[in-house]
Amino acid sequence: MPIFIKTTAQMLPYKSLILVERNASVALHIQVCNSFIALITNGTLQPADLLPSSRILADLIGINRNTVKLAYEELISQGWAESMERKGVFVLSKLPIRRSKTVLPEEEKNNTSKESFSWKKLGKTAPNENLQQQTMLAIDDGFPDVRLAPVDVLMREYRSLSRRFHGRNFLKYGSAMGSEHLRHSICNYLSHSRGLIVAAENILITKGSQMGIYLAAQLLLNNGDNIAVGISNYSSADETFKYAGANLLRISVDDNGMDVDELEVVLQHKKIKAVYIIPHHHFPTTVTMSMERRLKLLNLAREYHFAIIEDDYDFDFHYDNKPYLPLAGIDHNHNVIYIGSISKTFAPALRIGFMTGPVAFVEDGASLRQLIDKQGDTLLEEAFAVLFDDGEMERHFRKSLKIYKQRRNLFCDILQSDFKNVIQFKIPEGGLGVWTVFDEKIDMTKMSQEASKKGLYIGNGSFYKNESFAANALRMGFASLKENEMIEALGILKTIIR
């Protein structure tokens, strides 16, 4: 039966309100002090309320009386309470009165009351990738195998730079544009791998391609502007454009990429500020945009004066023929903002990407980046620059390309032999995943849940759905699975959807 202590305001069950954990890293007297602060700030205790004596409180919560005295001394020193000789310890009388909100700790923890302020709400986010960081088997939506990345070489350069005398300068504030060394290295890399000729002044180093998409959206789009995107599209890009206040105009995507003829019809009736495309390995369907459509899109951009945001997140992994040159490499009218990622081809957690465009646009992008992220990790950027200069990145791409092609072939062979009656797909020319359309009878949410119980992470397809696209489909990544892991993962999936 709880014992109540009479205060000047009310009877309170301190035994249930003040809970202490003896094995916690926080000292007991600090726990007691913090509990009283919570009672004061939520209005349970009011200014000038009398606190229980140290002897009574010690008996109630089962701790030493001296510990309670220390807690009261801490309350007083922090300005929450005051001591009056021969009368006791009181809540500081000068504190502003708080509206009473007496709740038990468990109720407070589970409180789901309405927010007290408003903000711009975001839509759906990416799948729970924290699950994929666990040791469980995973069929992701197309990530590189981090075990192939020369991380040891990268970290060796990182440590070496940090030890050198001149390297210490990289620990100071630097340019929001990113490491000048890395920008020059990427210039050389883009020139020989993609035929894209740009200067360091045209490049902004970002933390992955997502930051580039966000910066481009914020600079280009005002509230009410129209941006054309695919009917199937990268959901995080869609949400970024919506957050900028833009209207999404959905354009069909087929085996040859975005339907530029359909876009042309829309342009005759509506003003479009930008077009977002993933011409190489479209996300999520993996299709590649034809050269005919690329050239027509560039002509339309020149005629209708819109920007093209070209997201080329995994250009380096194309298997069956030589990859098409980026639109940015054949754009002579400076309409293309080109976004790329090293994270997607090396290791997702190492956030390095880049955005290219006209010098003035890139400089404004750097100014905007400073408002949310003063600069990137200069040491990491310098270390990556060394890997580019030494040819380590090119060797990594060549090695990975060979391995990923073998994994793609095995993955597609298993899908064809074991899932031919329930999954439809086309072998992708490149990229790290296969776009798979499941039989309508398969409940993909239930499938995902059942797979998790058997130790396999696989998405439920909800990330790819939008207001115009609701296929019972999933992008299934093969690149991050070794052959034995792939066989085991697809074996589990087979037992679930058989």
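This report describes cavities, a pocket, a helix and selected residues of a predicted model.

## Basis of the description

The model is predicted, with local features requiring pLDDT of at least 70 and side-chain atom pairs counted only at pLDDT 80 or more, while totals for chains, interfaces and linings use all residues. Residues are numbered from 1 along each chain as its sequence is written, and side-chain values use heavy atoms, with hydrogens and water left out.

## Enclosed cavities

Rolling a probe the size of a water molecule over the atoms shows where empty space is left. On a 1 Å grid over the protein atoms alone, a cavity is a set of points where a 1.4 Å probe fits but cannot get out, and lining residues have an atom within 4 Å of a point. Grid points are joined across faces, edges and corners, and a volume is the space filled by probe spheres set on the points. The structure contains 2 cavities of 30 Å³ or more. The largest cavity has a volume of about 90 Å³. Its lining comprises 13 residues, and Met258, Ile277, Ile278, Pro279 and His282 lie nearest the centre. Strand 10 (257-258) and strand 11 (274-277) are the elements that give two or more residues to this lining; helices (H or I, at least four residues) and strands (E, at least two) are DSSP runs, numbered from the N terminus. By class, the lining of the largest cavity has 8 nonpolar, 5 polar and no charged residues. In this classification, Ala, Val, Leu, Ile, Met, Phe, Trp, Tyr, Cys and Pro are nonpolar, Asp, Glu, Lys and Arg are charged, and the others, Gly among them, are polar.

The second largest cavity holds about 30 Å³ of space. Tyr189, Arg194, Asp316, Ser341, Ile342, Thr345, Phe354, Phe388 and Phe397 form its lining. These residues divide into 5 nonpolar, 2 polar and 2 charged.

## The second largest pocket

A pocket is an open set of points with protein on both sides within 12 Å along at least five of seven lines. The second largest pocket has about 550 Å³ of space. It is lined by 25 residues, of which Asp254, Asp255, Thr285, Val287 and Lys426 are the closest to its centre. Strand 9 (253-254), strand 15 (423-425) and strand 16 (433-438) are the elements that give two or more residues to this lining. The lining of the second largest pocket includes 11 nonpolar, 10 polar and 4 charged residues.

## Helix 2 and its surroundings

Helix 2 (residues 28-41) has 14 residues and spans 20 Å from its first C-alpha to its last, close to the 20 Å expected at 1.5 Å a residue. The expected span is 1.5 Å times one less than the number of residues.

Within helix 2, the residues Gln31, Val32, Cys33, Ser35, Phe36, Ile37, Leu39 and Ile40 are buried. Buried means under 20% relative accessible area, exposed over 50%, and partly exposed in between (1.4 Å probe, protein chains only). The cover over these buried residues includes helix 1 (14-17), helix 3 (54-61), helix 4 (65-77) and strand 4 (88-91).

## Cysteines

A disulfide is here a pair of cysteine sulfur atoms within 2.5 Å. By this rule the model has 0 disulfides. Cys33 is buried because its relative accessible area is 0%, and Cys412 counts as buried at 2% relative accessibility.

Lys69 is located in helix 4 and counts as partly exposed because its relative accessibility is 36%. Lys69 and Asp389 are 320 residues apart in sequence, and their C-alpha atoms are 65 Å apart in space.

Ala366 belongs to helix 12 (residues 359-372) and is buried, with a relative accessible area of 7%. Leaving aside neighbours within four places in sequence, Ala366 is in contact (heavy atoms within 4.5 Å) with Ala176, Met177 and Leu204. The C-alpha atoms of Ala366 and Val153 are separated by 29 Å, and the two residues are 213 residues apart along the chain.

## Backbone features in loops

Most residues other than glycine have a negative phi, and most peptide bonds are trans. A cis peptide bond joins Phe283 and Pro284, with omega about 10°. Pro284 lies in the loop between strand 11 and helix 11 (291-304).

Arg86 is a residue other than glycine with a positive phi, near 65°. Arg86 is placed in the loop between strand 3 (81-84) and strand 4, and counts as exposed at 83% relative accessibility. His305, also not a glycine, has a positive phi of about 60°. The loop between helix 11 and strand 12 (307-311) holds His305, which counts as exposed at 64% relative accessibility.
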